[in-house]
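Dear colleague,

Please find the structure below, handed over for your records. A summary of the findings follows it.

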Amino acid sequence: MKKGVVSVLSALAGAAVGAGALGYQKTKLHDQDFKVIKKNEAILKMFNQWLIVKQEGKSIAAYLKENNFNKIAIYGMSYAGERLLDDLKGTDIEVAYAVDQNADRMFAEVEMITKEEIAHQQEVDAVIVTAIYFFDDIEEELSEMIDCPIVSLEDILYEL
């Protein structure tokens with residue numbers, strides 16, 4: 001009889017632990033999914049603002065020139081970084097290099113480096129961060145490595 005009770009209690013305890021672990025895992029996955037959704041929403045809103053700026057005849061290059069950011073670096077070479085590089089072609093703004101955590105696996109029309117290499121690069125007037133969702137963390141980390149303004153592409157677009 002005792003063995004039967006112990007077996008039932010063990011089974012119930014195992015089920016409870018299993019259910020708790022499953023619930024924790026689902027919550028963790030939900031949190032990760034939510035972060036991805038928020039990141040994508042921020043990027044979508046930024047691209048929408050960029051289109052509005054273009055439709056109004058304004059340009060990022062003019063903004064950079066007005067702020068004496070003639071030689072810049074781009075941080076983040078995913079979609080927004082690529083579009084920014086394309087947008088600045090044929091302007092007076094020089095893109096000295098681009099920074100990305102996957103620099104060794106990427107191709108761009110400018111020199112690609114990792115953030116660890118940024119302190120050894122030529123000086124720029126500003127670093128434009130296209131990874132807007134992570135801007136605060138990136139700005140904090142870069143400000144310890146370089147001595148120039150670190151600006152969010154999102155902020156530029158909303159200031160135009």
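**Findings**

Thr114 sits in the loop that joins strand E3 (111-113) and strand E4 (126-129); strands (E, at least two residues) and helices (H or I, at least four) are DSSP runs, numbered from the N terminus. This is a predicted model, in which local features need pLDDT of at least 70 and side-chain atom pairs count only at pLDDT 80 or more, while totals for chains, interfaces and linings use all residues. Residues are numbered from 1 along each chain as its sequence is written, and side-chain values use heavy atoms, with hydrogens and water left out.

With a relative accessible area of 18%, Thr114 is buried (under 20%; exposed is over 50%, and partly exposed lies in between, with a 1.4 Å probe and protein chains only). Leaving aside residues up to four places away in sequence, Thr114 touches Val99, Asp100, Gln101 and Ala103, where contact means heavy atoms within 4.5 Å.

A surface patch of negative charge is formed by Asp136, Asp137, Glu139, Glu140, Glu144, Asp155 and Glu159. Helix H4 (135-143) and helix H5 (153-159) are the elements that each give two or more residues to this patch, and H4 gives the most, with four. Patch members have over 30% relative accessible area and no salt bridge, like charges being joined within 9 Å; a salt bridge is a side-chain nitrogen of Lys or Arg within 4 Å of a carboxyl oxygen of Asp or Glu. Asp155, in helix H5, is partly exposed at 37%.

Glu56, in the loop between helix H1 (2-55) and helix H2 (60-66), is partly exposed at 48%.

Yours sincerely

Key. Patches are made of residues with over 30% relative accessible area and no salt bridge: like charges are joined within 9 Å, nonpolar side chains (Val, Leu, Ile, Met, Phe, Trp, Tyr) within 5 Å. Accessible areas come from the Shrake-Rupley method with a 1.4 Å probe; for residues, only the protein chains shown count as cover. Lys and Arg count as positive and Asp and Glu as negative; His and the chain ends are not counted. The place of a charge is taken as NZ of Lys, CZ of Arg, CG of Asp or CD of Glu.
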